[in-house]
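This briefing is intended for a reader new to the structure. Please consult the sequence and the model alongside the points given here.

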Amino acid sequence: MRTLKVLLDGLAFPEGPRWHDGKFVFSDMHAHQVLAVDMAGKSDVICEVPAQPSGLGWLPDGRMLIVSMTDRKLMRLDRDGLKPVADMSKLAPFHCNDMVVDAQGRAYVGNFGFDLHANETPRGTTLVMVAADGVARIVAEEMMFPNGMVITPDGKTLIVGETFARRLTAFDIAADGSLKNRRVWAEIDRLPDGICFDAENTIWVACPTASEVIRVKQGGEVAERIKVETDAFACMLGGPDGRTLFVATAANSDPEKCAANRTGRIEITHVEVPRAGLP
């Protein structure tokens, strides 16, 4: 069985992992920071996000977009600091979370839909798209905790992990960014969190309650499982050849416990099939 090694530890709660411009970039959510780490494990803080960072992406001009969770805003990192792009508080019922940004600079942003850490009953929520001009609108409804997202290499399909529906859901992306033809891409027997796409039309899925990362084919067949010591909350393919699988792990997602115990890690392993699509 494939094993993971620790690249970076002592984190509060790593999420939103991305490979961009030769670096691995991620949100340390409950530490309120966005960080970058190189392949030797040297890390640097990129910026502080007071309302907790989650999903990350980049505009065509190279500027970073960051989901600010608890105030439900999309932020942009300019040379002189964070700037608001869109206020999603009237469109997203609860904290915003993961995001994928397409080649046109449109950001698709999920949200919890309910208070997870207060043990509320899960309920359907919205998926919000923020256009490049900052205009936000709902593009899908009745999503059960829309979480990790990928866009296929041709830019035509968005796939979303619906955590509390235990499925990956696909949409066709229209020319204006609208979503249509909603369908199940894969039913899985785990709660999906962060996801990433590879060159064989297969998706790596972080499954926190099962303490593993699985590689899922369209239709639901599991091609591989990798166990983690704690819980896997997100994953990303990257590295110089696109074949390093980065896994964001932690003992739990509770904000107070994460901030106090700092069990979060970035763990890595080498896989045969490289990354594809976005992010």
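The points below concern salt bridges and pockets.

The model is predicted: local features need pLDDT of at least 70, side-chain atom pairs count only at pLDDT 80 or more, and totals for chains, interfaces and linings use all residues. Residues are numbered from 1 along each chain as its sequence is written, and side-chain values use heavy atoms, with hydrogens and water left out.

**Salt bridges**

- The count comes to 24 salt bridges, each being a side-chain nitrogen of Lys or Arg within 4 Å of a carboxyl oxygen of Asp or Glu.
- E224 pairs with R2 in a salt bridge, with the closest N and O atoms 2.7 Å apart.
- Because E224 belongs to strand β21 (residues 222-227) and R2 to the segment before β1 (5-11), this pair ties together parts 222 residues apart in sequence; strands are DSSP runs of E, at least two residues long, numbered from the N terminus.
- E212 and R225 form a salt bridge in which the closest N and O atoms are 2.8 Å apart.
- E212 counts as buried at 3% relative accessibility, whereas R225 is partly exposed at 31% (buried is under 20% relative accessible area, exposed over 50%, partly exposed in between, with a 1.4 Å probe and protein chains only).
- A network of salt bridges links D189, R190, E212, R225 and K227.

**Pockets**

- The largest pocket is lined by 25 residues, with L116, D193, P208, F233 and S253 nearest its centre (a pocket is an open set of points on a 1 Å grid over the protein atoms alone, where a 1.4 Å probe fits, with protein on both sides within 12 Å along at least five of seven lines; lining residues have an atom within 4 Å of a point).
- In the second largest pocket, 15 residues form the lining, and H20, W58, V101, L278 and P279 lie nearest the centre.

Methods. Helix = DSSP H or I, 4+ residues; strand = E, 2+ residues; numbered from the N terminus.
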